[in-house]
Amino acid sequence: MTLKLTDIVLTYPDGDRTLTALDHVDLAVAPGEFTAVVGPSGSGKSSLLAVAATLITPTSGTVSVAGREVSAMTQAARTRVRRDHVGIVFQQANLLPSLTALDQLLVVAHLAGGSPRAAAARARELLLSVDLCGKEHKRPHQMSGGERQRVNIARALMNEPEVLLVDEPTSALDHERGERVVSLLAELTRRNDLATVMVTHDLGSLSAVDMVLTMRDGRLTAGDIRGVHSAG
Ligand SMILES: Nc1ncnc2c1ncn2[C@@H]1O[C@H](COP(=O)(O)OP(=O)(O)OP(=O)(O)O)[C@@H](O)[C@H]1O
């Protein structure tokens with residue numbers, strides 16, 4: 001398994017008590033597998049992504065990314081694992097306003113080190129794979145919401161991650177653009193053998209995913225998405 005979360009418990013302080021955001025959660029995602037996590041607001045979806053991204057250390061349980069057990073690592077080692085093996089697509093594209101689409105990707109490669117020439121070739125190839133051929137020199141304000149989200153996805157793939165974590169990718173898009181972004185994620189997952197986890201409220205966009213998991217009160221279960229629409 002490229003991503004493996006085992007018996008994860010995450011609690012937050014809540015006044016005199018603690019709030020259990022993740023309650024004995026197990027999640028395993030193989031290479032080339034696209035898993036969606038749906039669930040009502042406050043059920044723990046973002047907490048799950050943050051633990052998988054190694055951004056939050058769980059209260060107990062283990063996290064393994066690309067065969068590396070991160071739970072016992074130092075902060076610095078965990079940061080390296082995240083940089084080298086995990087791609088994160090946040091809900092808002094958070095692109096740098098003054099940079100072109102191509103430069104948004106090159107910044108990532110620059111921070112990671114390595115050959116600028118190889119980075120430029122990879123950035124162009126990725127922009128092509130997300131259907132942004134000819135838009136390399138556009139800045140964020142010259143692009144549509146869907147195009148910005150595709151730059152966001154291409155940027156997350158710049159360091160050739162094995163794990164791709166995606167938070168609500170369709171929330172700023174209309175239905176059709178949302179569907180296109182999700183099918184693109186499915187295609188990239190297969191082509192690049194990624195272990196992909198997408199958190200979403202958008203139940204209309206699940207046809208391209210391999211597995212749907214439901215989060216309720218910090219517990220993760222397979223299937224059953226009834227009631228998620230109305231709840232959140
Ligand atoms: N930093 C924090 N400190 C304390 N409680 C938190 C913190 N972050 C989240 N929580 C609580 O943990 C629970 C799970 O939150 P989380 O953000 O993971 O849910 P979610 O399913 O992603 O919600 P949404 O769909 O609204 O984004 C909620 O009860 C939330 O209030």
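Twelve is the number to start with: 12 residues surround the ligand, and the closest are Tyr12, Ser41, Lys45, Ser46 and Ser47. Here a residue is near a molecule or strand if its C-beta atom, placed from the backbone, lies within 6 Å of it. You are looking at a predicted model, where local features need pLDDT of at least 70, side-chain atom pairs count only at pLDDT 80 or more, and totals for chains, interfaces and linings use all residues. Residues are numbered from 1 along each chain as its sequence is written.

**The shell around the ligand**

- Strand 2 (17-29) and helix 1 (45-52) each supply at least two residues of the shell around the ligand. Helices (H or I, at least four residues) and strands (E, at least two) are DSSP runs, numbered from the N terminus.
- Which element gives the largest share of the shell around the ligand? Helix 1 does, with three residues.
- Sorted by class, this shell has three nonpolar, eight polar and one charged residues. Ala, Val, Leu, Ile, Met, Phe, Trp, Tyr, Cys and Pro count as nonpolar, Asp, Glu, Lys and Arg as charged, and the others, Gly among them, as polar.

- Four strands form an open sheet in the order 2-1-4-5, and the pairing is antiparallel. Two strands pair if DSSP finds at least two bridges between them.
- Strand 2 and strand 5 (68-69) stand at the edges with a single partner strand each, so one side of each is left without a neighbour in the sheet.
- Strand 1 and strand 2 run antiparallel and are joined by 10 bridges; within this pair, Pro13 stands opposite Thr18 in strand 2.
- These two strands also form a hairpin with two residues between them, and Gly15 in the turn has a positive phi of about 65°.
- Strand 1 is also joined to strand 4 by five bridges, again antiparallel, and Val9 stands opposite Ser60 in strand 4.
- Two bridges join strand 4 (residues 60-65) to strand 5, which run antiparallel; Ser64 stands opposite Glu69 in strand 5.

- An open sheet of six strands has the order 6-7-8-3-9-10, with mixed pairing.
- Its edges are strand 6 (86-89) and strand 10, each with a single partner strand, so one side of each is left without a neighbour in the sheet.
- From one strand to the next, the twist averages 20°. Angles run from 0 to 180 degrees between N-to-C directions, and axes are lines fitted to C-alpha atoms, for helices over the stretch in contact.
- Strand 3 (residues 33-38) and strand 8 (residues 195-199) pair in the parallel sense over five bridges, and the bridge partner of Ala36 in strand 8 is Met198.
- Four bridges join strand 9 (residues 211-216) to strand 10 (residues 219-222), which run antiparallel. In strand 10, Thr221 is the bridge partner of Thr214.
- Strand 9 and strand 10 form a hairpin with two residues between them, where Asp217 in the turn has a positive phi of about 45°.

- Helix 1 lies across strand 1 (3-14), strand 2 and strand 4, running at about 120° to strand 1. Two residues are in contact if their C-beta atoms, placed from the backbone, lie within 7 Å.
- Is helix 1 mostly enclosed or open? Six of its eight residues are buried, so helix 1 is largely enclosed by the rest of the structure. A residue is buried if 20 or more other C-beta atoms lie within 10 Å of its own, exposed if 12 or fewer, and partly exposed in between, with C-beta atoms placed from the backbone.
- The buried residues of helix 1 are Lys45, Ser47, Leu48, Leu49, Val51 and Ala52.
- Of the 57 residues in the largest nonpolar core, Ala52 and Leu185 touch the most other members. Such a core is a set of buried Ala, Val, Leu, Ile, Met, Phe, Trp, Tyr and Cys residues joined through C-beta atoms within 7 Å.
- Leaving aside its neighbours within four places in sequence, Ala52 is in contact with Leu3, Leu5, Val63, Leu165 and Val197.

**Residues with a positive phi**

- His24 lies in strand 2, and its phi is near 55°, a positive value in a residue other than glycine.
- Just after helix 1, Thr54 takes a positive phi of about 65°.
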